[in-house]
Amino acid sequence: MILVVIAVISTVGLWIFLRLAPGLGLVDHPNARSLHSAPTVVSGGVVPMALLALSVAMTLELPGGLAVSMIMAGLVVIGLVDDRWGISSGVRLVGYLAAGIALPWILFADAFTHFPLLLGLGVGVAWCINLVNFMDGADGFATTQAVCVATGLGLISVFGGTPNADLSWLCALLLVCCAPMLWFNWPPAKMFMGDAGAIPLGFFLALLGLVAAATDPRVGAAWLILMMPFLVDASVTLCIRSLSGEAPHVAHRDHAYQRLTLLTSGPLNVTLGLLAMQVVWQFPLAVTAVSSEVFPVLLVLLSAIPSIVAVVYARRRA
């Protein structure tokens with residue numbers, strides 16, 4: 001019942017935000033790097049992400065759950081300020097690193113005393129925050145990814161060989177908070193998630209990954225498999241831009257999903273393609289990773305194939 005209530009609150013909150021945002025100056029106007037052609041309400045992700053942070057604090061006895069919620073709330077504020085007035089990339093990076101390093105320390109400080117390991121995990125969390133922000137540039141794209149990861153990992157955490165009630169509840173909360181956003185963000189979008197949504201969403205997806213890996217390495221592999229479309233596109237694009245001498249932090253339209261959106265004259269086919277990839281390829285491999293004796297690393301590598309093909313195709317055609 002509580003999940004239904006949260007979904008209703010998210011839906012009503014998004015509906016109200018859609019009407020109030022223009023008066024607050026939260027409208028994204030098209031520019032040379034945009035994939036949209038009309039002014040669109042931005043920062044809609046503030047509603048599901050703030051609600052998600054509150055829900056985690058109130059309903060889950062996760063170690064450091066209150067601290068995790070407070071970090072999420074801080075990231076929502078950073079994203080909202082960035083959407084409205086803009087924040088330098090350096091300041092944002094410091095915020096991402098601070099949040100990233102804090103998360104594994106909160107979750108695992110009592111279990112791990114190896115500081116380099118905690119630091120490495122923290123950098124990984126910061127990268128997850130950044131890459132989701134990078135990949136939130138087409139209607140419904142990041143929201144679809146969030147819903148797919150929440151659904152897939154949630155089912156695995158309930159029915160897999162190593163059930164984890166905390167992980168399944170975190171996935172359920174993400175699903176009911178974000179699913180209404182998909183209605184407003186589906187192509188053609190009435191509302192964008194904005195940095196206010198993408199930044200804390202990346203943090204929360206990293207939280208799912210850490211909890212999954214702590215549950216069982218195979219469940220951690222399942223998270224990697226489900227996240228692979230975003231991991232490949234963001235990482236490969238960053239490497240290519242860096243090797244080409246281009247500043248990786250400058251806004252651009254080099255990601256495969258952006259190039260494919262321009263090639264197909266709209267984001268609908270790209271978002272549907274991501275959904276199909278998750279259903280047909282990523283989820284079956286994730287289930288296999290937790291339910292068979294197949295070497296999980298092999299399945300993780302196999303899960304990258306469609307994304308790599310998409311990146312190569314997009315760069316050769318566009």
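## Terms and basis of the model

Helices (H or I, at least four residues) and strands (E, at least two) are DSSP runs that are numbered from the N terminus. By that naming, Ser43 is placed in the loop between strand S2 (40-41) and H2.

This is a predicted model, in which local features need pLDDT of at least 70, side-chain atom pairs count only at pLDDT 80 or more, and totals for chains, interfaces and linings use all residues. Residues are numbered from 1 along each chain as its sequence is written, and side-chain values use heavy atoms, with hydrogens and water left out.

## Backbone features in the loops

Ser43, in the loop between strand S2 (40-41) and H2, has a phi near 75°, a positive value in a residue other than glycine. Ser43 has a relative accessible area of 0% and is therefore buried, where buried means under 20% relative accessible area, exposed over 50%, and partly exposed in between (1.4 Å probe, protein chains only). Ser265, in the loop between H10 and H11, also has a positive phi for a residue other than glycine, near 60°, but Ser265 is exposed because its relative accessible area is 71%.

Another backbone feature concerns the peptide bond from Pro187 to Pro188, which is cis, with omega near -10°. Pro188 lies in the loop between helix H7 (165-185) and H8.

## Packing of helices H2 and H8

Helix H2 (residues 46-59) and helix H8 (residues 195-215) pack at an angle of about 35°, and their axes are 8 Å apart; here axes are lines fitted to C-alpha atoms, for helices over the stretch in contact, and angles run from 0 to 180 degrees between N-to-C directions. The crossing of H2 and H8 is left-handed, a term for a near helix turned anticlockwise from the far one by less than a right angle, with right-handed used if the turn is clockwise.

On the H2 side the contact is made by Val46, Met49, Leu52 and Val56, and on the H8 side by Ala196, Gly197, Pro200, Leu201 and Phe204, contact meaning heavy atoms within 4.5 Å. Sorted by class, the contact of H2 with H8 has eight nonpolar residues, one polar residue and no charged residues. In this sorting Ala, Val, Leu, Ile, Met, Phe, Trp, Tyr, Cys and Pro count as nonpolar, Asp, Glu, Lys and Arg as charged, and the others, Gly among them, as polar.

## Aromatic rings

Rings of Phe, Tyr and Trp (its six-membered ring) pair if their centres lie within 6.5 Å, and planes under 30 degrees apart count as stacked, over 60 as edge-to-face and the rest as tilted. By this rule the count comes to three aromatic pairs. Trp127 and Phe134 form an edge-to-face pair, at 6.1 Å centre to centre and with 70° between the planes. Phe141 and Tyr257 form a stacked pair, at 4.8 Å centre to centre and with 15° between the planes. This second pair links distant parts of the chain, with Phe141 in helix H6 (residues 141-159) and Tyr257 in helix H10 (residues 256-263), 116 residues apart.

Phe141 is buried, with a relative accessible area of 6%, and Tyr257 counts as buried at 2% relative accessibility. Phe141, Phe230 and Tyr257 form one aromatic cluster. Elsewhere, Lys190 lies over the face of Trp183, at 5.6 Å from the ring centre; a charge sits over a ring if NZ of Lys or CZ of Arg is within 6 Å of the ring centre and within 35 degrees of the ring normal.

Trp127 is placed in helix H5 (residues 115-135) and counts as partly exposed, because its relative accessibility is 24%. Leaving aside neighbours within four places in sequence, Trp127 is in contact with Phe134, Ala234, Ser235 and Leu238. Trp127 and Ser235 are 108 residues apart in sequence and 9.3 Å apart in space, C-alpha to C-alpha.

Ala289, found in helix H11 (residues 268-291), is buried, with a relative accessible area of 0%. With neighbours within four places in sequence left aside, Ala289 is in contact with Arg218, Ile225 and Leu299, while Ala289 and Ser89 are 200 residues apart in sequence and 37 Å apart in space, C-alpha to C-alpha. Ser307, placed in helix H13 (residues 305-317), is buried as well, with a relative accessible area of 4%. Leaving aside neighbours within four places in sequence, Ser307 is in contact with Met228, Pro229, Val232 and Met277.
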